[in-house]
Each structure stands twice: as structure tokens, then as C-alpha cells.
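Please keep the structure in view while reading.

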Amino acid sequence: MISREPARRFDLPSETPRRWRGVPRWCGALALVALAAVAGHQLAMQNGLARLREAAEHRLDMLATGLDADLARFEYLPALLEMTPVVPALLGAPSDAGLRDAVNRYLDGVNATAGAEMLYVLDAAGTSLAASDWNRPGTTVGQDLSFRPYVIDALRQGRGRFYGVGITSRKPGYYLSYALRRDQPARGVVAVKVNLEESERAWRLLPGHVMLIDQRGVVILATRDDLKFRPLRPLESLQRAEVQRSRPYGEAGLEPLRWTQKEALARDVQVVALDGVDQLASTRALRGAPWQLLVLDDLAPVRVGARYAAVTASLAMAVLLLIAVTLWQRRRAVRQKLANQAALQAAHDSLESTVVARTAQLRAAQGELVHAGKMAALGQMSAGVVHELNQPLTAMRTLSESAAILLDKSRFDDVRGNLQRIRGMVDRLARLTSQLKNFAHKGELQRAPVALAQAVADAQLIVAEASKKNGIAIEVDVQPATLAVMAEEAALGSVLVNLMRNAIDAMQASPRRTLRLEARPQEGGVMLRVSDTGPGIAPDILPRLFEPFVTSKPAGTGLGLGLVISAQLVRAMDGTLRAANLPEGGACFVVELPVAIHNVPSPQLEGVINK
């Protein structure tokens with residue numbers, strides 16, 4: 001019993017590792033590309049931050065030096081005023097209008113030379129007695145400033161510093177105070193107000209943003225107006241109480257900045273987020289004030305450069321890997337080429353030895369093959385001879401029977417004609433056997449002009465008995481009647497008789513039985529159509545119709561060699577034979593032969609012409 005179970009494949013386990021063999025290599029290559037991208041990003045980021053820090057350090061040095069110089073150049077003014085006699089005299093007689101006017105004018109002249117915003121003198125109670133702006137709106141003359149930190153510090157400690165918004169002018173400034181202590185206790189205070197807005201405007205010309213932060217962490221100067229008077233972080237309760245008392249920031253709401261410290265790169269360098277944007281913050285403490293300068297640089301360009309560096313590094317690594325793979329493949333190809341050459345040489349040597357052995361075997365079998373070929377050719381030729389001789393013999397029988405009947409009727413001329421026809425049939429049989437023998441030996445037929453109408457008439461005579469017996473109507477239409485072809489007469493007759501007999505056999509069961517032969521000249525040749533009204537050729541047989549032993553006839557009635565021999569005969573006469581089914585039913589065989597240069601009239605036509 002044969003098993004229907006499909007064969008199992010045992011090579012799948014070996015195919016799976018082969019399929020995944022390249023995965024580790026690809027993973028390693030991707031890891032190298034990713035590592036190169038990370039290294040390039042980190043290196044570019046560090047270099048970018050280093051450049052930013054260096055530039056920020058340079059700016060801080062320049063800004064701190066300039067700001068310290070601006071604050072220190074007014075340190076001498078309080079001591080200078082203490083040595084001026086008119087100032088102590090006013091403190092001794094504050095109600096003297098003449099002294100007050102003299103001090104006002106003196107302060108105005110000194111301030112014009114020093115370049116400060118304002119210069120004024122206060123008594124021990126913190127009330128302004130004289131000022132350089134006594135004759136301008138918003139002057140401090142007569143104002144009680146005892147609550148201001150710089151006044152308190154000067155009376156307590158002898159010196160004070162303060163930055164804040166002016167009580168009367170509403171303008172921010174830096175205040176320096178100096179207690180007048182010629183006699184103890186302090187008799188008064190000399191104060192100088194310095195305007196730092198010029199420095200702030202100069203900062204706007206530099207890259208990045210600059211902020212000045214006081215001891216409370218509140219921005220007092222900035223290149224961005226939205227940052228001024230805002231603390232970095234919310235103020236404590238004590239700081240808020242002090243601010244409400246001394247009012248250094250005027251009416252500012254002190255809303256904290258959106259400031260987040262993210263990473264400390266050094267003691268004075270941090271990465272912060274201001275309003276959601278990452279910045280590099282570099283700070284520097286001032287020598288002359290408890291303040292800090294802070295420089296902000298946007299990190300976005302550095303990060304963009306780092307991303308570009310990462311992409312470049314990954315692409316460079318990919319190119320290096322491709323070069324390495326190319327070199328490896330080239331080296332492997334060289335090794336493979338050498339191995340192939342060695343294998344080919346070995347195969348060549350093996351092939352030579354095999355050829356020697358096979359040659360001896362072929363020589364031994366050659367004799368047997370030649371003998372078998374001769375026997376096959378002999379059998380095919382014999383079958384063809386039997387098939388082709390049967391048709392003329394049938395015609396001779398018909399003519400002989402007709403001659404006996406004519407002899408009984410004393411129609412001697414007709415009997416003589418039949419005997420002549422029989423003699424012609426005998427001659428044709430001799431020529432036919434000669435042609436079949438030559439055909440079996442692949443010889444060429446001797447072609448000559450043949451009257452097509454006469455060839456059709458001879459073939460019609462041979463099949464006359466069969467057509468009459470089966471009730472076949474034969475229609476012949478050769479135009480012109482003198483149409484001739486270049487062919488061998490016996491071979492052409494054999495082809496016509498074979499095609500007509502096949503048509504007669506095919507129409508035995510057909511209700512309408514008509515065999516039609518039409519011949520027409522065409523360009524360079526003659527086309528002869530042999531059609532019938534039978535059932536046609538079976539579709540499965542039509543493509544193989546001209547192959548040996550292919551037939552639709554019942555077993556024992558045909559060998560399937562007639563059409564093969566006919567096609568070979570037509571080809572030997574430089575013609576073609578093809579078959580097809582007609583749309584209205586029946587089969588059609590088309591024979592194309594070369595046309596004769598001069599038309600040859602048939603004997604029947606000659607009789608008509610002679611008459």
C-alpha cells in the first residue's frame with residue numbers, strides 16, 4: 001500500500017540558523033553606528049559648551065570691570081563734601097536760607113563735574129536739606145528719607161550702599177552714602193545717586209542676555225525689560241517685610257521668574273531653564289557691591305550643532321563599515337575565485353577521464369543504434385508503401401471492372417481507353433515506389449510543371465468508387481483552367497488522393513456530404529483548398545495532426561501516417577500543408593505550391609481546344 005502522507009523535510013533546522021546568521025552582524029553594525037552618533041553628540045556638546053563658557057567668561061570680565069569702575073569713581077565725593085566748610089555750616093544751621101542756597105549751588109557744580117545723577121545732604125534725622133536738583137521737579141529737598149537703607153547704614157556704620165527706585169523721581173539708581181562725623185554723634189549724611197542705565201544700554205549690544213542680581217536674588221538690571229525687578233525664586237517672609245519697609249523696587253509686583261536649575265557644570269556655571277528655554281548661566285560676583293552679574297546663552301544652537309555632529313559621525317561610521325564590508329567582500333571574492341579555479345581544474349581533470357570512458361561506451365553502442373535506426377526507417381517506409389499503393393490498386397480494380405462491362409457492350413474504344421488508363425496506373429505505381437524509396441533515403445523529388453486540373457481529375461478518378469459508395473458530391477473549381485504548379489506528378493497525386501480519402505471517411509455520418517476542391521493563383525504560388533462538410537478535426541488532435549501515428553480513425557482502419565507523408569511530400573516540393581476547422585463546420589486543408597512559369601493545359605482541355 002502506497003502512503004499518501006507528504007514527504008517530511010528534515011533540512012528546516014539547518015535553514016533557520018542560516019536565515020538568522022547575519023542578524024548579529026547587522027546588530028553589531030547598528031551598535032557601532034549608534035555609538036559613533038552618541039560619541040559625536042557628546043563631543044560636539046562639550047566643545048560647544050566650552051566655547052560658550054569661554055565667551056561668557058570674557059564678557060563677565062569686561063562687564064564686571066566696567067561696572068566696578070562705574071561704582072568706584074564716586075567714592076571720593078562724600079569725603080570731599082565733608083571737608084567743604086559750607087556743608088557743615090548748613091548742618092549746624094539748617095534753617096538758614098542763605099546757607100541752603102549756597103550748598104544747593106555748590107552741590108550742583110560738583111555734580112556737574114563728577115557726572116552723577118544726583119548729590120544731596122541730609123541731616124541726622126534723615127531729612128534732605130540741600131540737593132543738586134533743588135530747582136527741578138522731583139527734588140529730594142525736604143523729603144524724609146530716614147527709612148532708606150543707605151541712610152540707616154550711613155548713620156549706624158558710617159557708610160551705606162543701596163540700589164532702588166527713587167522716592168520722588170521714580171527712577172532706579174545706585175546710592176552711595178557717607179556719614180559726616182566731624183563731631184560725635186553724626187551730624188548728617190552726604191548721598192550720591194548713580195545712574196546705571198547707560199551701562200544697561202551698553203549691555204544690549206553684546207550677545208546673549210545680561211542680568212544684575214542683588215543680595216535678595218532680585219534682577220535689578222537686565223537686557224530684557226520683562227526680567228527686571230523679578231526674583232529668581234520667591235522671596236521669604238522676612239525679605240518681603242524688608243522690601244515693604246524700604247521700598248527698593250518701587251511698585252513692582254516681584255513675580256518670580258520661571259527659573260529652574262537643571263545641571264551644575266561648575267561652581268559659577270549652570271544649565272538653567274528660563275521660561276522653558278534651556279540657557280547656560282554664567283555668574284560673577286562684583287567687588288564693590290553685594291551683587292552678581294549673570295550672563296545667559298541659548299543652548300539651542302549648541303544642541304543643533306551636536307545633532308549635526310551626531311548625524312555626521314553616524315554617517316562616517318556607516319561609510320567606514322561599508323568600506324570595510326566592501327574590502328571583506330572583495331577579499332572573499334578573491335578567495336572564492338581561487339577556490340572556483342581549483343574546483344574547475346579538478347572538474348576538468350575528472351571530466352577528461354570520464355570522457356575517455358564514455359567514448360568507449362558510445363562506440364560500443366553506436367553499432368546497435370545504427371542497426372535500430374535502419375530497422376525503424378525500414379518499418380516506416382514499408383507502412384508508407386502499403387498505404388500509398390492501396391489507392392492506385394483500388395483505381396485499377398475499378399477500371400478493370402468497367403472494362404469488362406464495356407467489353408460485353410462491344411464498346412472496344414472505351415475498353416482500350418480503360419486499358420490505357422490501367423497501364424498509366426502501373427507506370428505511376430512504378431514511379432511512386434521509386435519516389436517513396438527516394439523519400440525514405442531523403443532524396444529530392446524531380447519537380448516539373450503539372451496541370452493542376454489534370455492532377456485533380458486523376459485523383460478524383462481514384463476515389464470515384466468510394467465517393468459514389470458514400471454519396472459524396474465532389475465540386476472542383478480550378479481558376480484558371482490552365483493553372484499549373486511546380487511539383488512531382490506522382491507525389492502531388494498521392495497528396496490529393498490522401499486528402500480526398502480522408503475527407504470521404506470523415507463525412508460518412510454527415511447529413512450533407514460535399515467535397516470541394518478550389519485552386520487559385522496567389523502571389524508567387526498557388527493555393528489549393530480541400531474542404532469537407534464533416535464534423536471537423538478534434539481540438540485535441542488538431543495541434544498534433546502532422547505527427548506520426550496520430551489519427552482519429554478507429555483502431556485497425558488507419559496508421560496515422562498518411563498526413564505525415566503528405567506533409568513531407570509537400571515540403572519536398574517547396575510547399576506547405578496546413579489544416580483548420582471551418583466556422584460553418586467541417587475541415588479544410590490548404591496546400592500551397594510554387595506556380596509554374598507557363599501554364600500547362602490538361603488533356604481534356606487540349607481536346608476541347610483542338611475541336
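In which sense do strand 1 and strand 2 pair, and over how many bridges? The model is predicted. In it, strand 1 and strand 2 (residues 128–131) pair in the antiparallel sense over three bridges. The two strands form a hairpin, with four residues between them. Gly126 lies in the turn and has a positive phi of about 90°.

Strand 1 has another partner. Strand 5 (residues 188–194) pairs with strand 1, also in the antiparallel sense, over six bridges.

Is strand 1 buried or exposed? Six of the six residues of strand 1 (residues 118–123) are buried, so the strand is largely enclosed by the rest of the structure. Side chains in a regular strand alternate between the two faces of the sheet. Here, Met118, Tyr120 and Leu122 point one way. Leu119, Val121 and Asp123 point the other way. Residues of both sets are buried, Asp123 included.

Now the cysteines. How many disulfides does the structure hold? The count is zero. Cys27 is partly exposed, with a relative accessible area of 45%. Cys588 is buried, with a relative accessible area of 4%.

Note on methods:
Residues are numbered from 1 along each chain as its sequence is written. This is a predicted model: local features need pLDDT of at least 70, side-chain atom pairs count only at pLDDT 80 or more; totals for chains, interfaces and linings use all residues. Side-chain values use heavy atoms; hydrogens and water are left out. A disulfide is a pair of cysteine sulfur atoms within 2.5 Å. Buried means under 20% relative accessible area, exposed over 50%, partly exposed in between (1.4 Å probe, protein chains only). Two strands pair if DSSP finds at least two bridges between them.
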